[in-house]
Amino acid sequence: VKGMLYTISGKVYDFLDTASEKRYKRIRKKILSPLKGIVLDAGCGTGRNFPYYGKHAKVIAVDNAVKMLSVARQRAKESKAQIRIEQETLTQLPFKNNTFDVVVATFVLWVMPKKDAQKALSELVRVAKPNARFYFLEYTYSQHFLRNVIILFTVSIAKLLYGIKIGVTLPLIKQEKSLEIENVELVYQDVLRLIIARKR
Ligand SMILES: C[S@@+](CC[C@H](N)C(=O)[O-])C[C@H]1O[C@@H](n2cnc3c(N)ncnc32)[C@H](O)[C@@H]1O
């Protein structure tokens, strides 16, 4: 069942995600609208990032779930940026070394089994140019008891549907020697974390 939703329907995924998407809008815009150059949108899903890229970004968006990508294809039409979509797995990318100026992986590594997430991260590093910037978004546990109860409740459902794990992305990035963490910022309450890193 793990991650089953991605393979069933991108539309159902989008519907279930509507409420949380309201809170991500501002954050996505802030991160994505200034981006320039060749951008890899890794695990682009239904293309939730697409509306926020500016016209100076040339985006290559990949995901391995066909159903998610069919929604993404529609959404790409609304973007100011030029977007090319490919079905690929992040653990084995078909791109040459040092291809991308920017790598965006929003809510992605936390849905992958640890070994795959590590492999994916090293692939992302490989295809990024030296000094390329990386942007990650993930949920982390809260300092507040009640908020944690809510998160745990949401997560147990999401775990089944998407296979997510809270707070695993930052430790993974810390282990990746070729990445230097530039900034870690809580962007929604104390539960949503934006991690900015740079390829050494
Ligand atoms: C929670 S969604 C996030 C989608 C999008 N980045 C966003 O911000 O809304 C996670 C996505 O990662 C994709 N994914 C998971 N494992 C993958 C893999 N090995 N290769 C490519 N995509 C993968 C899933 O298909 C899904 O679309």
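Me: What do the side chains of arginine 193 and glutamate 138 meet in?

Reply: They meet in a salt bridge, at 2.7 Å from N to O. The general idea: a side-chain nitrogen of Lys or Arg lies within 4 Å of a carboxyl oxygen of Asp or Glu. This is a predicted model, where local features need pLDDT of at least 70, side-chain atom pairs count only at pLDDT 80 or more, and totals for chains, interfaces and linings use all residues. Residues are numbered from 1 along each chain as its sequence is written, and side-chain values use heavy atoms, leaving out hydrogens and water.

Me: Arginine 193 and glutamate 138: buried or exposed?

Reply: Buried means under 20% relative accessible area, exposed over 50%, partly exposed in between (1.4 Å probe, protein chains only). Arginine 193 and glutamate 138 are both buried.

Me: How many salt bridges does the count come to?

Reply: Eleven. Arg133, Glu180, Glu182 and Arg198 are linked in a network of them.

Me: Which residues form a salt bridge with glutamate 21?

Reply: Arginine 28 is one partner, with the closest N and O atoms 2.7 Å apart. Arginine 48 is another, at 3.5 Å from N to O. Glutamate 21 lies in helix α3 (residues 18-32) and arginine 48 in the loop between β1 (37-42) and β2 (57-63), so this pair ties together parts 27 residues apart in sequence.

Me: Why does glutamate 21 count as buried?

Reply: Because its relative accessibility is 10%. Arginine 48 is buried too, at 15%. Arginine 28 is also buried.

Me: Now the ligand. Which residues come nearest?

Reply: A residue is near a molecule if one of its heavy atoms lies within 4 Å of it. Here 19 residues are around the ligand, and Arg28, Gly43, Asp63, Leu90 and Thr106 come nearest. The shell divides into ten nonpolar, five polar and four charged residues. In this sorting, Ala, Val, Leu, Ile, Met, Phe, Trp, Tyr, Cys and Pro are nonpolar, Asp, Glu, Lys and Arg are charged, and the others, Gly among them, are polar.

Me: What polar atoms lie by the ligand's own N and O atoms?

Reply: Look for polar contacts: pairs of N or O atoms within 3.5 Å. A polar side-chain atom of aspartate 63 is 2.6 Å from a ligand oxygen. A polar backbone atom of glycine 43 is 2.7 Å from a ligand nitrogen. Threonine 89 brings a polar side-chain atom to 3.3 Å from a ligand nitrogen. The protein covers 94% of the 600 Å² of accessible area that the ligand has on its own. Such areas come from the Shrake-Rupley method with a 1.4 Å probe.

Me: Which residues make the nonpolar surface patch?

Reply: A patch needs residues with over 30% relative accessible area and no salt bridge; nonpolar side chains are joined within 5 Å, like charges within 9 Å. Phe145, Leu146, Val149 and Ile150 make one of about 450 Å². Phenylalanine 145 is in helix α6 (residues 145-162). Phenylalanine 145 is exposed, at 67%.

Me: What is phi of asparagine 131?

Reply: Near 75°, a positive value in a residue other than glycine. Asparagine 131 is in strand β5. At 49%, asparagine 131 counts as partly exposed. Glutamine 189 also has a positive phi, near 45°. Glutamine 189 sits in the loop between β6 (179-188) and β7. Glutamine 189 is partly exposed, at 44%.

Key: Polar contact = N/O pair within 3.5 Å; in protein donor to acceptor, adjacent residues only side chain to side chain. Helix = DSSP H or I, 4+ residues; strand = E, 2+ residues; numbered from the N terminus.
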